[in-house]
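Dear colleague,

I am passing on the structure we talked about, followed by a short account of what came out of the analysis. Please keep it beside you as you read.

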Amino acid sequence: MTYAAEISRSNPTCFLFLVDQSASMGDPIGGEVPQRKADVVADAINRLLTELSVKCAKEEGVRDYFHVAVIGYGHAVGSAFTGTLAGRDLVPLSEVAENPARVEERRKKVPDGAGGLVETASSFPVWLDPVANGGTPMCRALSYAESLVSRWLAEHPGCFPPIVLNLTDGESTDGDPTAAASTIPLQVSTDGSVLLFNLHVSGAGASPTTFPDSDASLPDAYSRTLFGMSSPLPPHMRSYAAQQGFGTSDATRGFVYNADIASVVQFLDIGTRATDLR
Amino acid sequence: MDQRPRSQPSGATYVEALQNTSLCFRGTDLAGAAVTTDSLGRPRPISGNFASVFSLTAVDGVRYAVKCFTREVQSQAVRYRAISEHLARSTYDWVVRFDYVERGILVEGHWFAILRMEWVEAVNLARWVERNLGDPAALARAGERFGRLVTELAEAGIGHGDLQHGNLLVTPDGSMRLVDYDGMYVPALAGMAAAEMGHRNYQSPGRSTTQFGPTIDRFSAWVIYLSLLGVAADPSLWARLRDQDAEHLLLAEADFADPDASLRLGALLSHPNPQLREVAERFRQVLVRQPDSPPGLPLALGSAVTAPLPQSAPRPEGTGGLPPWIAGHLRQANPVVLPPVTFSHRYPGVLRWTLPAVLLAWVLLVVSAAVVPAVAVGGALLTALASAGVALVAYLRQPETARARTARAEYNRAKWAESTAARVHGEVDDRTRQVVRSAGTAKADHDRERANLQLEHDRALAAVQRATQRAVAKVELDVRSLTSEHGLAERALLTTKQQEHTRSYLARFTIKSAGVDGIGTTLVANLRSHGISTAADFLEVEYSTNGQYQSRIARFVLTSGSRVRVPGVGEVKAGRLDSWRLSLAHNAMRTQPTALTPHDGQVLKNRFEQRAVALKAEQARAHESERVRRLELRKTLVDQQSALANTVRAADMAAARARAAHERELSESKIAFERAQRELLDAATLVGSYKDITYQRYLRLVLTGTK
């Protein structure tokens with residue numbers, strides 16, 4: 001059986017986020033409220049890092065069930081952490097939780113439960129700043145991810161397979177990413193092969209295609225390439241996606257095309273859903 | 001965003017809401033409560049699979065644990081009401097009191113249920129065991145306490161559903177509290193499905209949600225009970241059988257699935273403590289025979305595991321402190337003191353008269369020295385020597401002198417014998433210790449070797465599994481590209497079919513019967529002689545300009561790709577023919593197939609299915625070869641283990657023999673040493689009584705008569 005390994009402090013796994021930081025990420029994302037794609041993606045990843053820390057918090061603090069890397073690709077390829085963790089690749093989750101670059105105070109209006117709205121402030125830890133600058137060296141980003149994953153697997157051969165989540169808005173500027181992407185699932189642990197999920201952020205406001213199981217409805221060769229690069233969702237993610245209201249089959253891929261804000265969040269939520277944590 | 005049913009908030013969303021407790025608990029008695037925060041000053045969660053728990057101190061100073069649910073549980077309210085009512089009637093000290101509050105917390109404008117629980121100051125069982133490894137008695141009490149808790153659960157008809165180290169808390173006074181009632185069964189819930197499956201390291205491999213009743217905890221109870229008995233009997237098992245921070249006690253999921261390959265269970269099954277071994281064996285039987293319906297805990301047997309063993313006699317500890325068995329043989333520390341021996345005669349036999357004469361001569365000489373000093377001095381010296389010699393002879397002839405000499409010689413001999421015996425005994429003792437030590441080292445070596453065998457096996461198995469996963473991954477990729485290839489092939493075939501349709505449609509229309517304006521019999525014949533008789537015979541018309549005559553020349557592009565010029569067919573007529581063909585082609589498009597026929601689709605599908613089958617076969621081969629390798633590895637491990645067991649047995653026997661021999665030798669040397677000591681003591685006593693039998697004393701006796 002695959003994708004069933006226990007994730008524990010003595011058998012942790014890792015997440016790698018590949019974040020497109022090319023110039024076009026400065027364009028607005030489709031949707032009602034115009035927001036820059038880079039801002040949406042950075043917010044979603046910052047939010048997810050908080051979510052992971054909460055999920056792994058126990059009596060004595062955050063447990064290192066996961067190690068996390070956030071790799072940016074744009075004018076350069078490398079760690080996208082800012083602050084204390086700048087320059088680091090895979091970081092144990094407890095260290096991530098303790099070391100945001102800063103904690104912002106964010107104010108928003110929420111329903112007060114009595115029919116009115118009230119403004120509240122809450123703190124929002126930030127590890128990753130939005131960047132939009134340069135080309136889209138996706139091939140280099142993928143092979144960087146592959147080398148990190150391969151090093152990780154040498155030390156953790158029995159882990160739940162690492163998950164690589166690639167968030168991009170455009171075509172690769174350093175060649176066809178298919179070859180670089182196809183080496184990633186050939187990296188394996190005893191529990192299965194490494195998962196590569198892809199998300200394409202839309203600028204046009206076209207309706208998103210979420211977790212498709214064939215490339216038939218995809219519009220062009222570019223979207224079919226991204227689809228082809230994406231791993232099928234393992235069973236537990238599939239059933240979680242189904243709980244969230246997505247239609248799934250055995251062939252459902254970890255792929256979202258023309259993502260809007262909501263589907264960026266869902267993509268990260270479903271794509272980082274590992275087996276039950278203890 | 002709101003098309004889907006409203007799902008439970010996530011952990012981070014609760015953390016955000018709890019930053020304003022006057023808002024999120026508005027109108028409840030938790031409004032304005034103080035939340036325990038983390039190092040970033042944000043509410044500090046303790047998360048599980050279904051919920052995050054926060055510590056809150058209400059305005060009235062009462063501290064609560066507040067559980068916020070992150071996943072929806074079927075009929076949660078009904079469950080909690082039933083559990084609450086059932087527990088309200090009980091007086092068990094492990095119960096943690098709670099309220100299920102349906103309008104518990106306001107998150108982003110919606111109310112969600114919370115569980116408000118009494119705050120318990122305690123640590124979970126795994127951490128508690130770790131902290132108490134130095135106190136086997138406390139560990140034994142915990143085992144007993146747990147056994148009682150299980151009995152009480154059974155008598156109350158309760159199944160907890162997730163008995164595990166994280167849900168068993170131990171308070172500072174050593175009492176046990178059971179927390180997390182999300183998956184609890186109480187009789188009122190009969191017929192429902194289990195809300196959760198429990199911790200993987202505590203559940204039978206076959207557990208399903210349909211098993212929901214008072215006996216659901218049996219398997220986990222065995223796991224915990226056996227673990228507690230194990231650490232109480234032998235605290236070293238904790239470090240030997242677990243990785244640091246592992247999420248289990250002494251046993252884990254893999255041990256339940258494959259008990260025969262389990263190092264951990266093996267260690268318990270072969271433990272020197274026979275009662276522990278027996279409990280472990282019974283658990284093995286459970287795993288093999290009835291993992292889904294284990295019997296109750298063997299509490300009587302369990303209490304025997306940690307019963308104090310009769311103390312075995314301590315071994316001799318070298319020459320320093322003597323063991324009790326030898327002490328009785330030794331003289332008391334203050335030995336008998338014999339009365340001192342004195343000379344029985346002032347002068348012995350023949351010397352009776354010689355001695356006074358010599359002394360007299362000496363006195364006379366001293367007197368005459370006043371007259372002739374030189375002669376006198378020489379004479380006096382001679383006389384003194386003579387008298388000393390005579391006194392010596394006399395002394396030596398005293399009977400006491402001979403006896404003293406014998407006693408002194410005996411004392412020296414005894415002293416030498418004693419020190420030799422002490423040395424020999426010391427050496428034997430060192431050797432014995434060495435034998436014991438090397439037996440200990442050998443045991444540690446064997447333990448290490450056993451662990452290494454397992455480690456090597458696990459490593460080799462991991463390599464095999466990864467090889468399989470790699471092969472499977474490769475096939476998966478091929479299957480994926482096969483799928484997209486299939487799509488491409490379908491599209492390509494459809495295009496071909498559409499082209500064929502157009503061609504055969506166009507072929508039905510001859511130029512002869514087309515009635516195109518200006519194309520008479522001659523031109524029809526001309527066209528035919530150039531291979532053009534129907535609309536299907538050319539694809540289009542190309543025009544080029546003839547520079548010489550400033551006119552445009554029309555050429556027909558044939559299906560073969562070649563271009564022909566037909567005499568008599570100029571730009572205009574060719575154009576008419578072209579538009580005639582185009583309108584027909586347009587009609588053809590309207591009737592062309594838009595999908596493959598089932599037959600064509602099937603043929604294509606079959607072709608790809610054959611390749612998929614081949615790929616699946618490759619995958620199956622990979623799995624099969626893993627299965628074979630796994631069996632081989634298992635066999636190698638078992639063989640190596642049994643070879644090692646034989647070596648260990650032989651070494652144990654040799655060590656036991658050597659130890660017995662050395663201990664025999666040790667006791668013999670001890671006895672010899674003791675004897676030598678006793679003799680030395682006797683000799684010393686005797687020598688002591690002759691301390692006055694000396695030449696000096698004798699001279700004093702002769703001269704003064706004092707003894």
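How many of the 278 residues in chain A are buried, as a percentage? Buried residues make up 56% of them, where buried means under 20% relative accessible area, computed with a 1.4 Å probe on protein chains only. Before going further, please note that this is a predicted model, in which local features need pLDDT of at least 70 and side-chain atom pairs count only at pLDDT 80 or more, while totals for chains, interfaces and linings use all residues. Residues are numbered from 1 along each chain as its sequence is written, chains are lettered from A and ligands numbered from 1 in the order in which they are written, and side-chain values use heavy atoms, with hydrogens and water left out.

Chain A contains seven helices and 14 strands (DSSP runs, H or I of at least four residues for helices and E of at least two for strands, numbered from the N terminus). Its radius of gyration is 18 Å, close to the 19 Å that the globule rule gives for 278 residues, so chain A is as compact as a globular protein of that length; the radius is taken over C-alpha atoms, and the rule is 2.2 Å times the number of residues to the power 0.38.

Chain B has 19 helices and 12 strands, and 41% of its 707 residues count as buried. Its radius of gyration is 54 Å, whereas a compact globule of 707 residues would have one near 27 Å, and its C-alpha trace spans about 195 × 80 × 55 Å along the principal axes.

Turning to the interface, 51 residues of chain B and 63 residues of chain A take part in the contact (heavy atoms within 4.5 Å). The two chains bury about 4,500 Å² between them, 48% of it on carbon and sulfur atoms, this being the accessible area (1.4 Å probe) that the two parts lose on being put together, summed over both. On the side of chain B, B:Glu247, B:Arg466 and B:Arg480 lose the most area to chain A, together 15% of what that side buries.

Seven salt bridges are counted between chain B and chain A (a side-chain nitrogen of Lys or Arg within 4 Å of a carboxyl oxygen of Asp or Glu). One of the salt bridges joins B:Glu247 to A:Arg63, with the closest N and O atoms 3.2 Å apart.

With best wishes

Definitions and conventions:
Buried means under 20% relative accessible area, exposed over 50%, partly exposed in between (1.4 Å probe, protein chains only).
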